[in-house]
Amino acid sequence: ISKMSMLCSAASMAARSMQASAFAVDASLTVLLLLASLPGRCQGKVMEGHVSGDSVRHSPDRDIVVLGSFGFECFDGKCGQHLDPDLVLQRATYGEKAYIRIQADSYARADGQVIAMFASEPIRNLTSRFWTEVYRNPHLRCEDKLAEALFSIPLGPGRDELGAASSYGSGTSSVDFYHALTLDSAPMFVYVVAMNCVPGEPMAMYYRVALENPGGWWSSEFSYDDQGLLQTHLTLFFASLAMAIHVAHAAWDLHRAHLSHPPFVVLGAAVWGVTLSHLLSFIFYADYAVHGFGDEGALVSAEVLYTGADLIIMVLFLLIAQGWRLTDDVPPPKDQLLIGVAVLVYVVCYTIIYCVDYALRDPAAEVYVLLTPGAFFLVVIRVMLLLLCGLFFADTYRREPSLQKLTFFRRAIISCALWFLQMPMTCILAMCISRWVRHRAATVVMGTVQTAVLAYLVHCFQPERAKDYFTITVAASELEGLALEGPAVDESVAREAGGHSRVTAAETDMRATGQHGTQLGGESAPTCGGEAATERRLQYTQSDVGML
């Protein structure tokens with residue numbers, strides 16, 4: 001009974017230490033799950049929808065409604081090389097061309113409606129301005145903007161200069177345009193837009209735009225900057241799945257042995273969250289590869305799981321830096337409050353930035369998501385959390401006499417730095433490399449760092465290794481059975497522990513006299529925190545955990 005009361009008290013204190021950070025995580029996941037339930041699809045190879053007066057009113061440019069963007073890859077995959085245009089035209093085959101198909105129907109007899117395509121950079125003999133110089137430029141008239149387009153398809157009678165077949169009659173107009181695009185030595189990013197430069201005429205149409213790169217199932221449906229994401233998430237999924245299965249097996253062994261190792265359980269939750277995140281991302285991109293678009297709900301759900309796993313690992317590092325299950329059961333109350341407030345601030349800022357970006361981001365913006373002001377603000381918060389974690393590690397490291405634990409602390413500090421700095425390092429990388437490849441490069445770097453850190457933590461937190469520096473205790477259900485059996489079972493457990501149990505002589509005297517945590521002479525009852533709890537905890541060491 002005495003051991004049960006001490007264990008329950010320690011468990012209660014540990015639960016309170018996690019309450020603030022758990023509330024923060026729950027709040028963030030709730031908001032992001034609400035976003036995941038919103039309908040919508042990610043823009044990509046197939047763009048489909050309606051344009052109306054509301055679209056024009058909500059567009060940042062009153063002359064242009066952006067339908068989507070796409071990146072065409074280089075000719076024969078050879079980017080940056082000088083190619084003779086005549087030779088390219090002669091060598092181009094079916095598999096070496098990109099394809100454009102535009103279908104549109106207008107239900108209003110409105111003159112001047114066109115679907116146009118703009119290039120992000122000037123192209124010789126075709127355009128003279130960058131897309132950023134045309135879009136949202138109040139000094140250019142609608143006609144001047146339209147003159148900078150690669151081509152425009154009118155929704156009216158007749159045929160345009162590229163040969164798009166159009167029909168007009170009975171109050172409607174439609175167009176069906178198909179074109180084979182000869183690739184160049186550099187990727188070409190384009191924006192598909194709807195425009196109407198006739199004053200007073202409305203804009204009302206249904207459109208379906210299909211863009212395709214050369215190549216097979218792995219690349220043809222993807223924009224150039226998204227090519228390789230399907231393979232990346234598939235690789236990361238199998239790597240994280242192997243870790244998740246290993247964690248589940250080790251957790252089952254702990255359960256069968258009636259042992260409690262909370263840091264390992266928390267780490268397992270993060271590993272499974274990352275695994276499901278990569279699975280949902282792979283499902284999204286696989287659907288994208290088949291249909292040309294993916295369900296945005298799957299992508300947002302993957303973001304929710306990734307964010308949850310990231311928060312769990314950050315909280316785990318902060319608790320370990322305070323000596324959780326290493327030197328003390330729980331951090332001091334003021335440090336618990338500091339950890340909870342720090343994580344809550346990060347969650348609130350992340351949620352606000354994510355919601356604002358989700359709702360207000362301009363589909364025609366060329367600013368990469370990791371180079372936005374919101375991303376830089378999150379980088380600053382992560383660096384501040386890393387500094388807080390470093391202060392905790394330094395204080396705990398200074399007070400720890402065990403060489404094995406000091407070795408673990410040194411390795412944990414390196415892992416902690418890599419985890420908190422993965423986003424700042426990726427932002428710096430995104431600023432230094434070409435925008436043609438920065439999205440997939442950032443995904444590869446962050447995924448690789450995250451997987452490597454998780455794999456190392458799983459290696460260190462395994463019970464057969466963690467017994468040297470973590471406190472692995474008997475599960476509460478097992479202690480309950482010991483209490484029901486009485487003193488005889490208690491003595492057998494003490495003999496089984498082989499002298500490794502940290503039960504003090506004072507506790508033995510108290511159990512013999514029936515004093516369950518209360519001393520005579522009016523002295524206060526012993527507390528269950530700090531070093532006193534460490535001295536009263538029933539600890540299993542190498543001989544006991546060996547049965548795993």
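**Exercise 1. Which residue of β8 is the bridge partner of F72?**

Solution. The structure is a predicted model, in which local features need pLDDT of at least 70 and side-chain atom pairs count only at pLDDT 80 or more, while totals for chains, interfaces and linings use all residues. Residues are numbered from 1 along each chain as its sequence is written, and side-chain values use heavy atoms, with hydrogens and water left out.

Step 1. Helices (H or I, at least four residues) and strands (E, at least two) are DSSP runs, numbered from the N terminus. Two strands pair if DSSP finds at least two bridges between them.

Step 2. Within β8, M188 is the bridge partner of F72.

**Exercise 2. State in what order the strands of the open sheet stand, and explain why β2 and β5 are its edges.**

Solution. Step 1. The sheet has 4 strands, ordered β2-β8-β4-β5, with antiparallel pairing.

Step 1. β2 (64-72) and β5 (151-154) each have a single partner strand, so one side of each lacks a neighbour in the sheet.

Step 2. On average, neighbouring strands of this sheet are turned by 20° against each other, direction ignored; the axes behind such angles are lines fitted to C-alpha atoms, for helices over the stretch in contact, and angles run from 0 to 180 degrees between N-to-C directions.

**Exercise 3. Identify the strands that pair with β9.**

Solution. Step 1. β9 (residues 205-212) pairs with β3 in the antiparallel sense over 7 bridges. Bridge partners include D105 with Y206 of β9, and Q103 with R208 of β9.

Step 1. Strand β1 (residues 46-51) is joined to β9 by 6 bridges and also runs antiparallel to β9. Here M47 has V209 of β9 as its bridge partner.

Step 2. Strand β3 (residues 97-106) is mostly covered, with 7 of its 10 residues buried. Buried means under 20% relative accessible area, exposed over 50%, and partly exposed in between (1.4 Å probe, protein chains only).

**Exercise 4. Describe the setting of H258 and R325, two residues with positive phi.**

Solution. Step 1. Most residues other than glycine have a negative phi. H258, not a glycine, has a phi near 60°, and R325, also not a glycine, has a phi of about 65°.

Step 1. H258 lies in the loop between α6 (229-256) and β10 (259-260). Its relative accessibility is 35%, so H258 counts as partly exposed.

Step 2. R325 lies in the loop between α8 (296-321) and α9 (333-360). Its relative accessibility is 11%, so R325 counts as buried.

Step 3. Contact means heavy atoms within 4.5 Å. Leaving aside neighbours within four places in sequence, the contacts of R325 include S260, P262, Y469 and F470.
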